[in-house]
Amino acid sequence: MLDFNFFVPTRLVHGEGCVQKNSQYFEGMGRRAFIVTGPNSAKLSGALDDVTTVLADKGIEYEQFSEVEVNPSLDNVEVASASARRFKPDFIVAIGGGSPLDAAKAVAVLVANDMAAAQLYDKNWPNQPLPILAIPTTAGTGSEVTPYSVLTIPEKETKQGFGGPDLFPKVSFLDWRYTDSLPRGITIDTAVDALSHLVEGYLSTRANSASDMLAMHGIRLWGRHRKALMHDDLTPEERDGFLVASALGGMTISHTGTTFVHALGYPLTYYHDIPHGQANGLVIGGYLRFTERTAPDKVENIIRWLDMDSLGEFAGMMDQLFLGHKTIDHAELERYAQAASETRNVANSLGDVTASVLADILKASVG
Ligand code: NAP
Ligand code: FE
């Protein structure tokens, strides 16, 4: 068994109405809050109104930056940071899916340090980032409990993550009601991202007893609710199940990292605008088939925890969820496979992962 050093310093508050019921956590953060969101979801989900009510009650001044793009770029976080520097906040409130949450982490570093966004990857910021309170409105990335931020780098034509132990949000609030406005497609894409973190974390070369415990429970919870993804209306219990599974996935990958599923997904998103979770979902079946050769027992556990009979059933579910997805030229897929084979995610993956293995998986899924 691997030695481990388990560290998730985020206070995770869960339950309906948890922002209002736990508003004391906004106190002590300071007098000025900078709210980081996308254009619509914060308002639409009801989370923004709950937050601004609490801030007004506590006499905390705030300003909102609502222009975080989906898959935020370095330029996008530079613009957000410039507004934040002018406002001089004491803390950051991040509301939204993974995009605003990740952008907020970049802003938290950049506002406290005189550096450009591209330098975030040097992982060397002299001053502590501002504290972050995070409120997810998707049930997918788990960014509310990870020390990671994934940004788009146009010069490198891909997405890349950076992180640091001081980037875990201080407090995160999980209220299923904020995910109830999600349209069906985004519910599916993000739920599959959560599953992907749980599965990749369990199969990571860095998995340990503590991360396995989180992954196992998360996969079971996901499996209990998986049939809900086949219809339109999710019940509160189902929404809550995916939200908690997503946070468990975030805690899992905080320790294990992700595997080549994510490395293959990034170019599909960068070049073809395939949403992040869907990109993972398209390759995860091939990944499990490949990993089964090295770790048949572990793959069998996943299938059993999902309450499925076979890997075929798993692949069939992904096919059904992503029916009519894009297909991509083989020469292009070979380029993506080569680039993915050079990422650190490959070292987290079980088996002998070569560029040609990755190309075969891509061709079988989106070729
Ligand atoms: P997202 O990119 O944050 O949002 C996708 C879309 O969903 C946006 O149009 C957003 O609207 C909308 N939306 C969000 N919540 C909604 C709600 N409650 N109701 C209606 N619409 C809503 O999606 P995501 O999948 O959560 O995040 C993806 C990003 O996270 C990617 O950049 C990915 O690489 C990253 N990621 C990070 C980690 C990590 O550990 N940090 C892990 C996995 C993935 P708005 O634009 O108005 O917000
Ligand atoms: Fe992800």
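## Around helix α11

The residues of α11 that are buried are Val299, Asn301, Ile302, Ile303 and Trp305. Please keep in mind throughout that this is a predicted model.

Is Asp307 buried or exposed? Its relative accessibility is 56%, and because exposed means over 50%, Asp307 counts as exposed.

## Two domains

The chain falls into domain 1 (11-178) and domain 2 (183-366). How far apart do the C-alpha centres of domain 1 and domain 2 lie? The separation is 25 Å. Across the boundary, 26 residues of domain 1 make contact with 24 residues of domain 2.

## The parallel sheet

Now to the strands. An open sheet is built from 6 strands, paired in parallel and ordered β1-β8-β5-β4-β2-β3. At its edges are β1 (11-14) and β3 (61-65), each of which pairs on one side only. On average, and with direction ignored, neighbouring strands of this sheet are turned by 20° against each other.

Strand β2 (residues 32-36) runs parallel to β3 and is joined to it by 5 bridges. Between β2 and β4 there are 4 bridges, and this pair also runs parallel. Val36 is a handy residue to look at here: its bridge partner in β3 is Phe65, while in β4 its bridge partner is Ala94. Further along the sheet, β4 pairs with β5 in the parallel sense over 5 bridges, and Gly96 stands opposite Pro136 in β5.

How many of the residues of β4 are buried? The count is 6 of 6, so β4 is mostly covered, with buried meaning under 20% relative accessible area. In a regular strand, side chains alternate between the two faces of the sheet. On β4, both faces are covered: Phe91, Val93 and Ile95 are buried on one side, and Ile92, Ala94 and Gly96 are buried on the other.

Helix α4 (residues 74-87) lies across β2 and β3, and runs at about 160° to β3. Helix α5 (residues 98-110) packs on the sheet as well, where it touches β2, β4 (91-96) and β5 (132-136). The direction of α5 makes about 165° with that of β4.

Most residues other than glycine have a negative phi. Lys123 has a positive one, near 50°. Where is Lys123 found? Its place is the loop between α5 and β5. Lys123 is exposed, at a relative accessible area of 51%.

## The iron site

Which residues are the protein donors of the iron ion (ligand 2)? They are Asp193 through OD, and His197, His262 and His276 through NE2, at 2.1 to 2.2 Å from the ion. Along the chain, these donors follow the spacing D-x3-H-x64-H-x13-H. The pair His262 and His276 links distant parts of the chain, 14 residues apart: His262 belongs to helix α9 (residues 260-272) and His276 to helix α10 (residues 276-292). Both of these histidines, His262 and His276, are buried.

Why is the arrangement around the iron ion (ligand 2) irregular? The 4 donor atoms subtend angles of 82 to 167°. Four tetrahedral donors would need all angles between 85 and 135 degrees. For four tetrahedral donors, the ideal angle at a metal is 109.5 degrees. Water is not among the atoms, so sites may look incomplete.

## Ser365 in helix α14

A last stop is Ser365, which lies in helix α14 (residues 355-366). Ser365 counts as buried, because its relative accessibility is 17% and the limit for buried is under 20%. With neighbours within four places in sequence left aside, Ser365 is in contact with Leu282, Val283 and His325.

How values were computed
Residues are numbered from 1 along each chain as its sequence is written. Chains are lettered from A and ligands numbered from 1 in the order in which they are written. This is a predicted model: local features need pLDDT of at least 70, side-chain atom pairs count only at pLDDT 80 or more; totals for chains, interfaces and linings use all residues. Side-chain values use heavy atoms; hydrogens and water are left out. Donors are N, O and S atoms within 2.8 Å of the metal (3.2 Å for Na, K and Ca); water is not among the atoms, so sites may look incomplete. Four donors count as tetrahedral if all angles lie between 85 and 135 degrees; four count as square planar and six as octahedral if opposite donors are over 155 degrees apart and all others between 65 and 115; anything else is irregular. Helices (H or I, at least four residues) and strands (E, at least two) are DSSP runs, numbered from the N terminus. Buried means under 20% relative accessible area, exposed over 50%, partly exposed in between (1.4 Å probe, protein chains only). Two strands pair if DSSP finds at least two bridges between them. Axes are lines fitted to C-alpha atoms, for helices over the stretch in contact, and angles run from 0 to 180 degrees between N-to-C directions. Contact means heavy atoms within 4.5 Å. Domain bounds come from an automatic or database domain assignment.
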